[in-house]
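Student: Hi! I have a new structure open and would like a friendly tour. Can we start with the aromatic rings?

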2 protein chains.
Amino acid sequence: MYTSMQTNLKPLDRRQNTASQAYAQLRAWIISGELRPGQVISEPKMAMTFGVSRTPIREVFKRLQDEKLLDIFPQQGTVVSPIDIALVRSNQFIRETLELRTIALTATHAGPQDIAGLHAQIQAQKQLVEAGDHRRFFAADDHFHETLISIAGQPTVWKTIEDAKAQIDRVRHLSLEDPDWLRRIFTEHLAITDAIAHHDTTEAVAAMQAHLHTVFAAIDKIAQAHPHFLKKDQRTEAPAF
Amino acid sequence: MYTSMQTNLKPLDRRQNTASQAYAQLRAWIISGELRPGQVISEPKMAMTFGVSRTPIREVFKRLQDEKLLDIFPQQGTVVSPIDIALVRSNQFIRETLELRTIALTATHAGPQDIAGLHAQIQAQKQLVEAGDHRRFFAADDHFHETLISIAGQPTVWKTIEDAKAQIDRVRHLSLEDPDWLRRIFTEHLAITDAIAHHDTTEAVAAMQAHLHTVFAAIDKIAQAHPHFLKKDQRTEAPAF
DNA sequence: AGAGGTTTACTTGTATACAAGTATGCAAAC
DNA sequence: GTTTGCATACTTGTATACAAGTAAACCTCT
C-alpha cells in the first residue's frame with residue numbers, strides 16, 4: 001500500500017472491530033429509549049461498561065454526535081440528546097419527501113416479481129402482528145420500506161432515510177405506542193401494497209402519506225407525557241414580549 | 001456535571017479545536033480536488049502535515065469515511081474515495097427531490113421581504129460573475145439555495161442537502177467547468193427568483209429542476225476525461241455474457 | 001534465472017498517560 | 001448568614017506507546 005496504489009485492496013471487514021460493535025449497541029440503546037434523553041454519560045464509564053479503552057468509545061461518541069443523538073460539551077460531559085421537536089419534524093419532512101417521490105416510482109416500476117415479494121412480506125408481517133412481536137415487526141417495517149425504495153430504483157436513498165429515522169424512531173419508542181399499533185401499521189402497509197399492485201400511483205402516494213403521518217400523534221403524546229425529555233428552549237420558552 | 005444534571009451547560013464552542021480545523025481543511029481539499037480520487041493518505045503523515053498527533057486526525061478520517069469521502073482499509077491504508085457515479089446520482093436524486101418540494105413551498109410562502117432579499121443576492125451574484133470570482137460565487141450559490149429552503153420553512157433541511165452535495169460538488173470541481181459556467185448558473189438563479197417573485201410555483205419548480213440538472217453534464221465529462229477517478233467496478237465492468 | 005520463505009517497513013486498531021478546563025464541596029473570612 | 005477562595009474530582013482533548021496485520025522487497029535455495 002505504501003509504495004504502489006490501488007493494486008488489490010480488500011474492502012472486506014470480516015470481523016467487526018470493537019468500535020463498530022459498541023456503536024451499534026449504544027445507538028440502539030439511545031433510539032430504544034433505554035438511555036433516556038438528558039441522561040449524563042462519560043467516555044471512561046462507558047469504556048468500563050464495554051470492557052474496552054476510551055479510544056473506540058470516543059469514536060462512537062463522535063459518530064453519535066454527528067447523528068445528533070449525543071451532545072458533547074468539552075471539559076464538561078456528554079448527555080443523550082434531549083428530543084428536539086423541530087429536528088424531528090424536519091427529519092419527518094425529509095423522510096416524507098423522499099418516500100412520497102419514491103413510492104410513486106415504485107407504483108409505476110413494480111413488476112410481478114416485486115409485487116409477489118411485497119405480498120410475501122405482508123404475510124410475514126401478519127404473523128408477527130398476531131404473535132405480538134414488536135421487535136421483529138419493527139425490523140420487518142424497515143425492510144418493507146427499504147424494499148419499496150429499492151423497487152423505485154433508488155436503493156441507496158434508504159441510507160439517508162435511515163439517518164433521518166433515528167430521531168423519529170426515538171420519539172416513537174419513548175411515546176410508548178398503544179398495543180394495537182402493530183395492527184394499524186400492518187393495515188397501512190396492506191393499503192400501500194394494494195395500491196402498488198394496481199399501479200395506482202395516486203392512491204399509493206396517499207396511503208404512504210397517511211402511513212408516515214402517524215408519527216405526529218407520537219410527537220404530541222411525548223410532548224404532553226414527558227416534557228422533561230424535550231430540549232430546554234422548547235419547554236421553557238418564555239412568552240416573547 | 002458529574003453529580004447533578006442539566007443545570008447550566010454551555011453549548012459554546014468558542015475556540016475550534018484541532019480536529020475541527022483539520023476536518024474543514026481536509027474536507028475542502030477532497031471536494032475541491034486538491035486531494036484527488038484514489039490518492040493514498042495515512043494518519044501519521046497527515047498528522048505531520050497539520051503538526052498534530054494521530055488522535056485528532058483519526059477522528060477526521062472517521063468522519064470523512066462516514067461521508068464517503070475516504071475509504072479506510074484496516075491495516076492497509078486509506079485512500080480518497082474514487083468517484084462512485086451511482087452514489088453521485090443517488091445524492092443528486094435526494095437533493096433534487098428535497099429542493100423541488102421546498103422550492104414549491106418557497107414560491108407560495110415568499111413574502112415581500114424574502115423576495116427583496118433574493119433580489120439583493122442576485123445583485124451580489126452579478127458582481128461576482130463580472131469579477132469572475134469562482135470561489136466566492138460558489139459560496140453565494142450555497143447561500144442562495146439555503147435561503148430558498150429557509151423561506152420554505154424548512155431551514156434544517158439544508159444540512160442534509162449539504163451532506164448530499166459533497167459528492168456532487170466533487171464531480172463539478174473535477175470536471176473543470178467551462179469559463180461561462182458562472183454566467184449560466186447566474187441566469188438560472190435569475191429565472192428561479194423571477195418565478196418566485198411572481199409566485200409561479202410551476203415555473204419555479206421547472207426552473208429549479210433545469211438548474212439542478214446541469215450536474216449531469218459534469219458527470220458525463222468526468223467519465224470521459226478522467227475515467228481513472230471512477231470507482232473500479234464502474235470502469236472495469238466486463239461485458240456481462 | 002526463477003520460486004519461495006523471511007525480513008522489514010508501513011498501515012490502522014487499541015490502550016494508556018498527560019494536559020486543560022469545569023463544577024462541586026468545603027473552609028475560611030467578612 | 002453570605003461570600004470568597006481553593007482543593008478536589010471529574011470531564012473531554014491530545015499525545016504517545018504498543019498490538020495486529022499487510023505488502024513490498026530481499027535473500028536464499030534450487
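Predicted model: local features only at pLDDT ≥ 70, side-chain atom pairs only at ≥ 80, totals over all residues.

Student: Nice. How do B:Phe137 and B:Trp181 pair up, and what is the angle between the planes?

Tutor: B:Phe137 and B:Trp181 are arranged edge-to-face, with 80° between the planes and 6.3 Å from centre to centre.

Student: Where in chain B do those two sit?

Tutor: B:Phe137 belongs to helix H6 (residues 134-151) of chain B, and B:Trp181 to helix H8 (residues 181-197) of chain B. The two are 44 residues apart, and the pair links distant parts of the chain.

Student: Is B:Phe137 buried or exposed? And what about B:Trp181, buried or exposed?

Tutor: B:Phe137 has a relative accessible area of 0%, so this residue counts as buried. B:Trp181 is buried too, because its relative accessible area is 4%, and the cut-off for buried is under 20%.

Student: OK, new topic: charges over rings. What does A:Arg63 lie over?

Tutor: A:Arg63 lies over the face of A:Tyr23, at 3.8 Å from the ring centre. In chain B, the charged end of B:Arg63 sits over the ring of B:Tyr23, 3.8 Å from its centre.

Student: There's another arginine I'm curious about. Where is A:Arg27?

Tutor: You'll find A:Arg27 in helix H1 (residues 18-32) of chain A.

Student: Buried or exposed, that A:Arg27?

Tutor: A:Arg27 is buried, because its relative accessible area is 18% and the limit is under 20%.

Student: So what is A:Arg27 in contact with, leaving aside neighbours within four places in sequence?

Tutor: With those neighbours set aside, the contacts of A:Arg27 are A:Leu64, A:Glu67, A:Leu69, A:Glu162 and A:Ala166.

Student: Let's zoom out. How many helices and strands does chain A have?

Tutor: Chain A has 11 helices and three strands. Following the sequence, their pattern is α-β-α-α-β-β-α-α-α-α-α-α-α-α.

Student: And how much of chain A is buried?

Tutor: Of its 241 residues, 46% count as buried. Chain A exposes about 12,500 Å², and carbon and sulfur atoms supply 54% of that area.

Student: Last one! Of the contacts in chain A between residues at least 6 apart, what share joins residues at least 24 apart?

Tutor: For chain A, that share is 73% of those contacts.

Definitions and conventions:
Residues numbered from 1 in each chain as written. Chains lettered and ligands numbered in written order. Heavy atoms only, no water. Helix = DSSP H or I, 4+ residues; strand = E, 2+ residues; numbered from the N terminus. Buried < 20%, exposed > 50% of the residue type's maximum accessible area, 1.4 Å probe, protein only. Contact = heavy atoms within 4.5 Å. Areas by Shrake-Rupley, 256 points an atom, 1.4 Å probe, with all protein chains shown as cover. Phe/Tyr/Trp six-rings, centres within 6.5 Å; stacked < 30°, edge-to-face > 60°. Lys NZ or Arg CZ within 6 Å of the ring centre and 35° of its normal.
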